[in-house]
Structure formats: C-alpha cells, structure tokens
Amino acid sequence: MPVDSRRLQGPESAFSYTLLEKKDANAEESILSADLQKMLIDSNHVRKDKRKPTDARPLFLRTGIISQAKGSAYIEQGNTKLVCGVYGPREVQKKSDFRLNGQLFCEFKFAPFSCQKRRSHQQDNEELVLSGLLREALEAAVCLHHFPKAQVEVNIMVIENDGSPLAAALTCASLALASASIPMYDLVIGAAVRQLPKLLLLDPTKDEEWQPKLNHDENNSNLTVGFMPSMQQICAYVHEGVSNPEELEQMLKIVTEYCLKVQPVVQLCLKETVEKMLASEGENNDAE
Amino acid sequence: MAEILLSEAEKAFIHHGVQDDLRCDGRTRLGYRPIILETGLVSNASGSSRLRLANSDVLVGVKVELASPLSEKPLEGRLEFFVDCSANATPEFEGRGGEDLANEICRFLQMSYMSGDTINLSELSVLAGQQCWVLYVDILILECGGNLYDTVSLAVKSALYTTQIPSIKVATMDGDQPELELSEDPYDTKRLNTQNVPCLVTLMKIGNHYLVDPTPEEECCSSSGVVVAVSGSKKITAVRKIGSGSLHPESLVSMLKTASEVGAVVNKILMKKLLEEETAGKTQKVGFMR
C-alpha cells in the first residue's frame, strides 16, 4: 500500500550492509526447528540471556519523564525501551467530529534508529496497525464516557526495539494514562510469548521472536496479549504464526499468569507517582 | 462499517435472538449468508474473482509482473496486497475515510499469508537474485454489508486459484545479460497451489455467545470479536482481536476452537466449488448482471 500518496519517493537504492554478511552454516533461512531451538536454548534449558523459558526480563518503570505532557511514562524491559506521552482530555480538533463519548487517538512510532533496519521517519503500515491495536486495547480500559466531546492523545515512541514492543507499549500507555489522571476501569498489562515446537518462551527478545520471513514450520508463532488483571479481561490479542487452538490456550495461560504477577509492580510505580505529586504540591503550598 | 442506528429495543431483539440461536435472518449462530462467487471476470488480469456475501461485494484482480526480488530473499517471489475501499461501498469511505480499514485488512492479509507455508514463493522465482514474479493482488470493496474480512479472504483465495502465470524460460547468458523468453503459446501457463491458503473467519461476541458472519446490525450490537486466519489443515495462522471491548480468556479460547473448525469447513467447500467451476468449462459469464 502506498505510504505517502502526496510526495513522490524515488526508488530506494540504499540497503543495509548486513546483507553482505557471509552466511555461515547456521544461516537462519535454512534452519530446522530443532536447530533453532538449540540456538535459543542450551541443554540446561537456559536461554541466551541466562533466563529460564518462563522468566520475563526485568522491568523498569518511571512516570513523569515528559514535563510538558499531562502524563508520561518510560518503560525498559531488557533492551526494549519506550516512552509514552499522554495529552488531554482536550477539545476534539475537528468540531464536526465530536461524539457523546470521549475519543482516544493513539500514535505508535518506532524511532528510525530503534530497529536493526532503519525505519522511515513517517508512520508506515505496520506502525499504523499497531496504533490501531493499541487504541482498541486502551478503549476497553479507559472510561470514555467521563470526557464527552473531548479527545485524549497517547503517543508512543520506541527508542530501542529488542522484542515485544507492543506488549511494553500497552503497559507503558496505561501507566501514562493513569498518571495523567484519566479515569480507567483497570490497568492494561502487556505480555508476549514465543511458541517453539516443544517449548514456550515468555517475553522473547528480538532474536527469539518469530519472524515471518524465517521459520515456516508448524507450532512456531508469536502471541502478544493485553490483559486487564483485576477485571480478568483480554483487551488486545495478536497472534502470528502457525499454531492450533490447544497450544494457543497454553500460551494464553502463561501470559495471563505473568500479567497478574506484574500488576503489583505497576501499581507500586503509580503509588510512588502519587506520593511525589502530593509532596511537590505540599512544597508549593508552603512556598506560597 | 456504515453507521447503523439501532434503537435499544432493536439491540435487545438481536441479543435475545442470539441467545436462542435464531438470528434476525433465521440463521443459526454459526451459519453463513449465501455466497455468490465467480472467477475470471476481468480479462486484463491474470486472475480475478468476484465474491458477493449477501450485501458485501468484493472484486479481486491479480496481476503478475516481473521485478527484482527482495535482497533478503533472492530465491523467492512475493505477493503484494492492496485494498481499496471504494466510496460506493458506504458513505464513511468517502475521500480518505476508508484508508484505516483498508490498511488493517491489507496488513492482516499480509500477516496471515506470511505465516506458515501458505504459498510456495520459491515457485515464483524466475532467475535467482535477479528476476521473480510479483503477484499484485488488488482488492476492490464495492459494497460493505458486514463481515469484510471473510469476504475479502475468500475472494483473494479464489482469484489466486485461477491465476495463470505465463511460463518464462531463461535463455543462455550473453555476457552477463540473461535473456528471458516468453513462451509463444498464450495458454502455456502455470497455476499456484492454493491448498494451504488461509481463509479468515470473523467471530463477534454478543452477550455470552459468538456469531459467525455478522451483519452490520449485529456488528453494531457487539463490542468485540476476533478475526482468525485458518489454513486448510485446521491450523491457525494469524489471530487479531477487533473492536473496542474486552474478552474473557475462556471465551477467547472457545472462540478460537470454533473458528478453526468453521474455517476448515469453509476452506473445503470453497475448494470444492472452485473445482466444480473449473471442470464445468466455459459457460456464459454472469458478471455484474445479477
């Protein structure tokens, strides 16, 4: 699908130098599932970054990093780093567009240097679809009827992509929305899992993620889920790769268990945010 | 989808019907509306099909062209999808209104075709690293009557089934300029194996039950659903949750199980009908007269 219909873009003659790399015997294109599994896991069931298959990467969360935004959050999950800024509620841009319920506008963007292959500075189709998925997930969590005729903007910028960006974006966005005092039913926690023929890897890194170009064997797939732990509802579900319903059930179980474990961490971050806000307000009052 | 205005009473009517497994048009929850399918309508395309699922009308044209393969995949051809929501389909698609939906359908189709061995792309290679076939699949949505994902996927599968790719021979290398020779016989073509091409199944959740092939009114009553890409062997190649509502994990799991069974049946029936149409030979093209 043409990306930018107004500007004529000449043919792209630049290509990544990694294509000139010498392909050794372990070339990923010709890899069978068994070898792929050996590449990712050794005989002690330990992954390349020393994690167990059901261990997620350590999570780091911080709010209030964008001073101009109503609410903002920063998440680091291993090497995946992203920032979310929330603006609003404010008037809808086009007056003719207002609805009785509030509207959510999400923009998901990869920084051009965030992935191994340079990304365009304008949103491409993949980012547009991810923005749509994020919006649908957050619409389930945000109390839209609390700000009629208004819009809330959620902007996600991925600074470094090392696997599972959508999952991190879901958690980061709901943390930013909560810190912006937007009324919500529940927090959305995102999680991703990689399916291999006989194993499931929670929170895959970029190398562990399923790539559509590489492996076409059965029972190889990627699942990203957005889960609301208190309400026990799934608000985002994206699955790519070949699988069958029984396996999908297993993957869903692992992911929802992880989300329940992460919920207290996100809540703790929010609690600290509120304490900081109250403390700074207290100082302002004293100064006056 | 079109803005359908439903009163509370109408919504309640639909809800109660779904509970009793009797929808407004008399179908059961897992029943499809009548489908009219015809292939080979567009003479300038290598493969084409028109599929009408009750009020949803989709026309697909496949054009094959020669191009250089992607640098990461020198031994494979590729499929490029393009979805165009015509402004005729529904008033919302006027101007750039249909772009978001078109983009989503396009992207989901791409994803479901890339997973698994749906089409053997190495068959599309002409000269390794230099020339390959690119199949441009252009989907035109003429009328929107609910359940676009399913309609589009069935039409695309039919169009790919009938696509004829001319046979090209590589003549002897002259220095380093290989010459491509197109066969003189216009009927000397090859076809793709579309056995494993996925069909999309949309399931919308209304109350405690889910429906297959929702009408626009039913889509309006429902807050969430899933679109599942099912290949011929009951395998799921892509799933996406649609709508602004949320789903309980157990409902989601049972929806996926149902989708894979429904998808397998739809695939089988479609292949059977396409084979029937092919063996029936050249008959009068009905086209848009019906």
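The predicted model scores ipTM 0.85 and pTM 0.88. For chain B, the mean pLDDT is 88. In that chain, 96% of residues reach 70 or more.

Chain A has 288 residues, of which 51% count as buried. Its secondary structure consists of four helices and nine strands. Along the sequence, these elements of chain A run in the order α-β-β-β-β-α-β-α-β-β-β-β-α.

Charge pairing was examined next. Side chains of opposite charge can pair when their charged atoms come close. Over all chains, the count comes to 28 salt bridges. One of them links Arg51(A) to Glu208(A), with 3.8 Å between the closest N and O atoms. Arg51(A) sits in the loop between α1 and β1 (59-63) of chain A, and Glu208(A) in the loop between β7 (199-202) and β8 (220-228), so the pair ties together parts that are 157 residues apart in sequence. Both Arg51(A) and Glu208(A) are buried.

A salt bridge also joins the two chains. The side chains of Lys257(B) and Glu249(A) meet at 3.1 Å, N to O. Lys257(B) belongs to helix α5 (residues 249-280) of chain B and Glu249(A) to helix α4 (residues 245-287) of chain A, so this contact joins two chains. Lys257(B) has 30% relative accessibility and counts as partly exposed. Glu249(A) is partly exposed as well, at 37%.

Within chain A, salt bridges that share partners form a network. Its members are Lys109(A), Arg119(A), Asp124(A), Glu126(A) and Glu127(A). In one salt bridge, Glu126(A) meets Arg119(A) at 2.5 Å, N to O. Arg119(A) is buried because its relative accessible area, 12%, falls under 20%. Glu126(A), at 27% relative accessibility, counts as partly exposed.

Glu179(B) lies in the loop between β8 (168-170) and β9 (180-182) of chain B. The relative accessible area of Glu179(B) is 46%, so this residue is partly exposed.

Leu20(A) is placed in the segment before α1 (33-40) of chain A. Leu20(A) counts as exposed because its relative accessibility is 65%, over the 50% cut-off.

Terms used. Residues numbered from 1 in each chain as written. Chains lettered and ligands numbered in written order. Predicted model: local features only at pLDDT ≥ 70, side-chain atom pairs only at ≥ 80, totals over all residues. Heavy atoms only, no water. Buried < 20%, exposed > 50% of the residue type's maximum accessible area, 1.4 Å probe, protein only. pLDDT = per-residue confidence, 0-100. Salt bridge = Lys/Arg side-chain N within 4 Å of Asp/Glu carboxyl O.
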